[in-house]
Amino acid sequence: MEQKGAASAACEPQIWLNSVNRKNKAGLIEWMRSSNVSLVQENGQRKYGGPPPGWVGETPPHGSEIFIGNIPQEIYEDTLIPLFQSVGKLYEFRLMMTFSGLNRGFAYARYFSKRIADQAIAQIGSHEIQGVKIFVCRSTEKCELMLDGLPLLMEQAALEDLLGEMTPGVDLVSLYASPFTDLKNMAVVKYNSHREAALAKKSLCEGTRTLYGCIFTVDWLQQSIRLKMQSGTLAKPNSLLPLISNKLLILEKLAPTATQCLQLLCEKLMFGQPVYQIKFLRYGNCGWLRFWYFVLIPNHGVPFTGYSWLVGDKLIPTEKYQQAKEMVASIIIKEFACVGDQPPLRSTLC
């Protein structure tokens, strides 16, 4: 393990030392060696600490992180960390990096307390580096994400479990009717820290964001939505049961057959059109024909399958198939109408 770690450390300078800003990068490597400082590069940033070596205790409180802007791009941690450590001990320092190895002009420093962060803002807020005045203020530390376009089948408990499995640090999940998309819901997800929220946003945005076949969006919580949450003016989440019940009362009058009624219902709920598979098995007594069915509704997520019977000894094949479809459609409509009595459905995030 020690040989592997040494090999990794030996490779890092080779990664950082390229044709862009070679002299300053060499100075950074020398400073790391002489100061025994370890930096880790991940997710477009280079990080010191979080926690630093020898740290004992809890994570510093909210408000202990500062934002540093207007940093000359050729400046690195060998200049920045000693500058900000002159105020107080750092818990973490994160410098945002470009692919070429320059910094992106901003960084975040977290101290052990809010008081030290305030001192850093006061003392270093007007500091100049190579004739450029840097900008220092308290970090906003966004911790809340907004997931919009969630399907009505996705209940809050199932969403909490799913996000908890996929993204660490989930503190609270709140579900509302989407103010942006009809017949969809929106979730506001609060994380324990800005870092966990940022990593969750990156992770969720990298995948094919679908639930029950519905595409949803991921973004930081908008201030306008936050104000509506605080004022209590966001609508409660849309529920599938009353929506289906109300539509069925209308559609049963408009659609003469069960298959047409189910088709219209799926269109209204944006589930996609049902795909039927029916296999006839054997005749029973008095002409009863047993059959197996499998129906996939794309955005519903859970297929419908089972067995049923129809009187089919005097029917031609096309009539048998159509009657079986009608019976299956009626079964599915009844299951939709009773959806409120069913346990929460689960899905996977692709």
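Select K320. This lysine is buried (under 20% relative accessible area, with a 1.4 Å probe and protein chains only). Yet K320 has no salt bridge, meaning a side-chain nitrogen of Lys or Arg within 4 Å of a carboxyl oxygen of Asp or Glu. Its nearest side chain of opposite charge is E319, 9.2 Å away. Lys and Arg count as positive here, Asp and Glu as negative, while His and the chain ends are not counted.

A note on the model: it is predicted, local features need pLDDT of at least 70, side-chain atom pairs count only at pLDDT 80 or more, and totals for chains, interfaces and linings use all residues. Residues are numbered from 1 along each chain as its sequence is written, and side-chain values use heavy atoms, with hydrogens and water left out.

Stay with K320. It sits in helix α10, residues 317-337. Helices (H or I, at least four residues) and strands (E, at least two) are DSSP runs, numbered from the N terminus. Now show what K320 touches (contact is heavy atoms within 4.5 Å). Leaving out residues up to four places away in sequence, you get F280, Y283, L289, L310, G312 and L315.

Next, select I66, I68, F84, F93 and Y111. These have the most contacts inside the largest nonpolar core, which has 32 residues. Such a core is a set of buried Ala, Val, Leu, Ile, Met, Phe, Trp, Tyr and Cys residues joined through side-chain atoms within 4.5 Å. Colour the elements that give two or more residues to this core; among them are α2 (22-35), β3 (65-69) and β5 (103-111). Another core, of 22 residues, lies apart from it, and includes A258, C266, I297 and F336.

Zoom in on Y111. Beyond four places in sequence, its contacts include P60, F84, K89 and A120.

Now for the salt bridges. The count is seven.

- Select K47 and E42. Their side chains meet at 4.0 Å, N to O. K47 is buried at 11% relative accessible area.
- Select D118 and R138. This pair meets at 1.9 Å, N to O. D118 is in helix α4 and R138 in strand β8 (residues 135-138), so the bridge ties together parts 20 residues apart in sequence.
- Select E144 and R226. Their closest N and O atoms are 2.4 Å apart. E144 is in strand β9 and R226 in helix α7, so this pair ties together parts 82 residues apart in sequence.

Last stop: select E65, E92, R94 and R110. Salt bridges that share partners join them into one network.

Methods. Buried < 20%, exposed > 50% of the residue type's maximum accessible area, 1.4 Å probe, protein only.
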